[in-house]
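Thanks for coming. I have one structure to go through today, and I will keep to what can be computed from the coordinates.

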Amino acid sequence: MQQIIKIDSELSNRIWVIKAIAIMTIFFAHMPLASNYPPIVEKIYQLLGWIGVPTFFIMSGFLHKTITYAGWIKKVKRLIIPLLIWGILTYLVQCIKPSAMFSFVDLGKWIVGSKTYLYFVWVLLAIFILYSLYDNPILWMLVGTVSIIMTQYQIIPYTQFWTPYMNPLNFISYFSLGILLRRENEVNLFISIALLNAL
């Protein structure tokens, strides 16, 4: 078994650069557009989001490591508590609009990521759970590819609540790619793929 890459300060700095670029693409993808923009501009903005999100999953896989039960508790707290706080605050901001009304059902949908960007945290947590049950990046890449194909051909029955973005199998291939790149000591390939996705 090959030795896993250690994250030194130089690699950490490069990862932060990739994160910054990915954050900018997602920011622009979610920025509201005026109604007079041509359709091509809307498509470009959507594409920016689809580029930035996989980059974060690739990085998450690259930085992922096996954890103990105590580590799991810590990780869940680190993900869920900020998510609940941020989810409630951002939902309340949405309720300031004149046409908006507060609803506990809508608040729940907002926090779990149904048609909101908060889906990312739940999907990432689901992927962590899947990897804790069976750690095999090749298998998960295959499963993820099949899920993406089934989603494209509308074979998976999504609903108004459960959208393709909430399906962890649609993102697990990117996460698995990050794991494989780290286990194979392909740090330069990781940087290249992550940057290509983020740019």
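Where is Leu 181 found? Leu 181 is found in helix 7. Before I go further, the source of the numbers. This is a predicted model, in which local features need pLDDT of at least 70 and side-chain atom pairs count only at pLDDT 80 or more, while totals for chains, interfaces and linings use all residues. Residues are numbered from 1 along each chain as its sequence is written, and side-chain values use heavy atoms, with hydrogens and water left out.

On confidence, pLDDT is the predictor's confidence in each residue, from 0 to 100. The chain has a mean pLDDT of 83, and 87% of its residues reach 70 or more. Among the elements, the lowest mean pLDDT, 71, belongs to helix 8, and the highest, 94, to helix 6.

Now the overall layout. The secondary structure comes to eight helices and zero strands. Helices (H or I, at least four residues) and strands (E, at least two) are DSSP runs, numbered from the N terminus. Of the 199 residues in the chain, 35% are buried. Buried means under 20% relative accessible area, exposed over 50%, and partly exposed in between, with a 1.4 Å probe and protein chains only. Contact means heavy atoms within 4.5 Å. Among contacts between residues at least 6 apart in sequence, 73% join residues at least 24 apart.

Back to helix 7. Helix 7 has 12 residues and reaches 16 Å from its first C-alpha to its last, close to the 16 Å expected at 1.5 Å a residue. The expected span is 1.5 Å times one less than the number of residues. Buried residues in helix 7 include Ile 172, Phe 175, Ile 179, Leu 181 and Arg 182. Leu 181 has a relative accessible area of 5%, so Leu 181 counts as buried. Leu 181 and Gly 61 are 120 residues apart in sequence, yet 8.8 Å apart in space, C-alpha to C-alpha.

What about Arg 182, buried or exposed? Arg 182 is buried, because its relative accessible area is 14%. Its side chain reaches the backbone oxygen of Phe 62 at 3.1 Å.

The side chains of Asp 135 and Arg 183 meet in a salt bridge, at 2.8 Å from N to O. The pair links distant parts of the chain, with Asp 135 in the loop between helix 5 and helix 6 (137-152) and Arg 183 in helix 7, 48 residues apart. The structure holds one salt bridge, that is, a side-chain nitrogen of Lys or Arg within 4 Å of a carboxyl oxygen of Asp or Glu. Asp 135 is partly exposed at 38% relative accessible area, and Arg 183 is partly exposed at 26%.

On to the core. A nonpolar core is a set of buried Ala, Val, Leu, Ile, Met, Phe, Trp, Tyr and Cys residues joined through side-chain atoms within 4.5 Å. The largest one has 39 residues, and Phe 57, Ile 127 and Phe 175 are among those with the most contacts inside it. Helix 5 gives the largest share of this core, eight residues. Leaving out residues up to four places away in sequence, Phe 57 touches Phe 120, Val 123, Leu 124, Ile 127, Phe 171, Tyr 174 and Phe 175.

Then the loop between helix 6 and helix 7, where Asn 170 is found. Asn 170 counts as buried, because its relative accessibility is 4%. The side chain of Asn 170 makes a polar contact with the side chain of Tyr 158, at 3.1 Å.

Last, backbone angles. Most residues other than glycine have a negative phi. Gln 154 lies in the loop between helix 6 and helix 7 and has a positive phi, near 55 degrees. Lys 115, in the loop between helix 4 and helix 5, has phi near 65 degrees. Just after helix 7, Asn 185 also takes a positive phi, about 60 degrees.

Key:
Polar contact = N/O pair within 3.5 Å; in protein donor to acceptor, adjacent residues only side chain to side chain.
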